[in-house]
2 protein chains.
Amino acid sequence: MGLWFTERQTKNLAISCRVKKTIYSEETPFQELAVIDTLEFGRMLVLDNVIQTTVKDEFVYHEMIAHVALNTHPGPRRVLVVGGGDGGTVREIVKHPSVERVVLCEIDEKVVAAAKDYLPEISHALEHPKVEIAVTDGIKHVKEKRGTYDVIIIDSTDPVGPAEGLFSAAFYQDVAMALREDGLFVAQTESPFFNKELIKRIFKDVSGIFPVARLFLANVPTYPGGLWTFTMGSKKHDPLTVDQANIKDYGTKYYSPEIHHAAFILPPFIAELLK
Amino acid sequence: MGLWFTERQTKNLAISCRVKKTIYSEETPFQELAVIDTLEFGRMLVLDNVIQTTVKDEFVYHEMIAHVALNTHPGPRRVLVVGGGDGGTVREIVKHPSVERVVLCEIDEKVVAAAKDYLPEISHALEHPKVEIAVTDGIKHVKEKRGTYDVIIIDSTDPVGPAEGLFSAAFYQDVAMALREDGLFVAQTESPFFNKELIKRIFKDVSGIFPVARLFLANVPTYPGGLWTFTMGSKKHDPLTVDQANIKDYGTKYYSPEIHHAAFILPPFIAELLK
């Protein structure tokens with residue numbers, strides 16, 4: 001059947017995937033949620049017509065948003081994930097033996113439910129005993145905490161709709177307060193080809209709040225342009241000085257001790273955004 | 001106007017770009033050639049409905065296919081480009097002072113003509129006094145040469161139609177013969193997400209012919225998945241042992257001394273293809 005899903009990645013750029021069938025779709029109080037089965041990427045989670053993750057390429061994003069930050073901290077015990085209701089980030093976090101507790105703060109419980117029902121490869125660690133799911137606004141949760149977390153991971157949708165506040169300086173300030181004295185955070189921060197001004201602004205904001213600010217890259221085929229940025233703010237530990245010899249084997253397909261450092265080596269056109 | 005250009009990147013994946021207007025189109029003896037003006041990427045060269053290069057992102061591909069190889073050779077004087085009729089690769093090559101002669105072997109003279117007429121930012125070095133344009137089949141040209149070139153760059157279209165032979169072991173054997181005793185070559189070798197078997201086979205072939213075989217990566221937004229591979233075969237010089245201090249500033253936006261090495265650090269799922 002000639003059924004295609006099309007995402008308008010920018011106003012003038014679209015990606016289309018041939019669809020076997022729609023597995024599930026629902027209008028939640030927050031967004032339009034769908035799980036579709038595609039021929040190229042397997043099952044795909046779609047929110048407001050934007051691809052969030054797919055069974056074929058999710059490993060890149062989830063490994064990179066989790067392990068770079070967790071290996072930068074020498075012994076993360078309490079970790080917060082804001083967003084990330086599909087469970088992929090949590091699945092990577094619980095591979096770290098030092099972690100005692102992961103709080104997943106997802107505003108839309110329907111995302112968690114759909115992931116559990118239809119994306120088990122991605123979501124299975126949502127049932128892990130170390131994981132607590134808080135169905136609430138991450139902005140509110142972070143504002144209420146003081147010196148609580150070692151690592152905070154902002155695994156959000158794009159900066160429109162419910163996630164918009166997760167890209168603000170005020171939020172990063174609250175994140176700093178919610179972290180312990182040697183805590184750090186990482187956030188997905190969009191495309192260096194299509195969101196230059198956003199990346200510049202976020203890096204400036206984070207640099208103003210945290211002693212250490214770093215940007216790193218990973219390649220996610222289903223995101224616009226295929227190249228993605230992550231921004232890290234840290235009170236003390238620097239991802240660039242991590243000893244590769246201390247990085248364990250997590251059975252990862254994209255992340256590795258060598259990639260931990262290579263991801264921070266930026267082409268000049270991206271490095272320029274951070275000046 | 002709601003005019004879009006759509007490329008079927010794989011059987012089940014498509015990219016679409018909103019089009020301002022078609023600048024030029026022609027059925028040449030080899031392929032369907034078009035230059036279109038897009039809102040997201042500016043002017044775009046399209047061959048047989050496949051995006052070859054765009055004014056916005058061409059720098060990534062052209063810098064990476066040229067400078068990694070040229071800086072691996074300690075003093076390249078004679079350089080051959082197979083394909084690359086748009087001139088972007090040649091533009092980067094002539095930035096190297098040691099280079100005395102660049103032969104561009106393009107099978108389709110209409111590509112050269114269209115690039116000169118409609119893509120001046122990319123093509124301007126085609127008029128450079130060091131550049132000789134040979135309108136001929138690269139396979140034939142390479143077969144006729146013995147010990148001639150320091151560096152050969154295979155800047156081809158995808159491995160279907162006129163370019164198919166440029167991905168064969170027999171061709172790489174001829175490339176080895178056409179190179180001088182310390183020569184090396186580099187080829188664009190498609191996507192690590194969508195062309196795994198091709199990459200494996202090419203790397204095996206090149207490893208069987210050249211003492212040094214290496215794969216490196218770059219991010220080209222308009223290519224499928226946004227991540228692209230390049231394979232290098234070298235008789236003597238190893239790109240991994242190049243001293244960054246010897247790499248000049250070529251005014252590049254993607255390539256840099258640090259990127260020269262970082263491009264070879266492969267995520268495990270790609271490294272695995274080379275075993």
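In this predicted model, 45 residues line the largest pocket, and those lying nearest its centre are B:Q52, B:S156, B:T157, B:D158 and B:A163. Several elements of chain B give two or more residues to this lining: strand 1 (4-10), strand 4 (42-47), strand 5 (50-54), helix 1 (58-72), strand 6 (78-83) and strand 7 (101-106). The space in the largest pocket comes to about 780 Å³. Sorted by class, its lining holds 18 nonpolar, 18 polar and nine charged residues. The largest pocket lies between domain 1 (4-54) and domain 2 (58-274) of chain B, because both domains give residues to its lining.

Attention now turns to chain A. The second largest pocket has a volume of about 660 Å³, and 43 residues line it, with A:Q52, A:S156, A:T157, A:D158 and A:Q188 closest to its centre. At least two residues of this lining come from each of the following elements of chain A: strand 1 (4-10), strand 4 (42-47), strand 5 (50-54), helix 1 (58-72), strand 6 (78-83), strand 7 (101-106) and helix 5 (138-144). The lining of the second largest pocket is made up of 20 nonpolar, 15 polar and eight charged residues. Domain 1 (4-54) and domain 2 (58-274) of chain A both contribute to the lining, so the second largest pocket lies between these two domains.

Notes: Residues are numbered from 1 along each chain as its sequence is written. Chains are lettered from A and ligands numbered from 1 in the order in which they are written. This is a predicted model: local features need pLDDT of at least 70, side-chain atom pairs count only at pLDDT 80 or more; totals for chains, interfaces and linings use all residues. Side-chain values use heavy atoms; hydrogens and water are left out. On a 1 Å grid over the protein atoms alone, a cavity is a set of points where a 1.4 Å probe fits but cannot get out, and a pocket is an open set with protein on both sides within 12 Å along at least five of seven lines; lining residues have an atom within 4 Å of a point. Grid points are joined across faces, edges and corners, and a volume is the space filled by probe spheres set on the points. Helices (H or I, at least four residues) and strands (E, at least two) are DSSP runs, numbered from the N terminus. Ala, Val, Leu, Ile, Met, Phe, Trp, Tyr, Cys and Pro count as nonpolar, Asp, Glu, Lys and Arg as charged, and the others, Gly among them, as polar. Domain bounds come from an automatic or database domain assignment.
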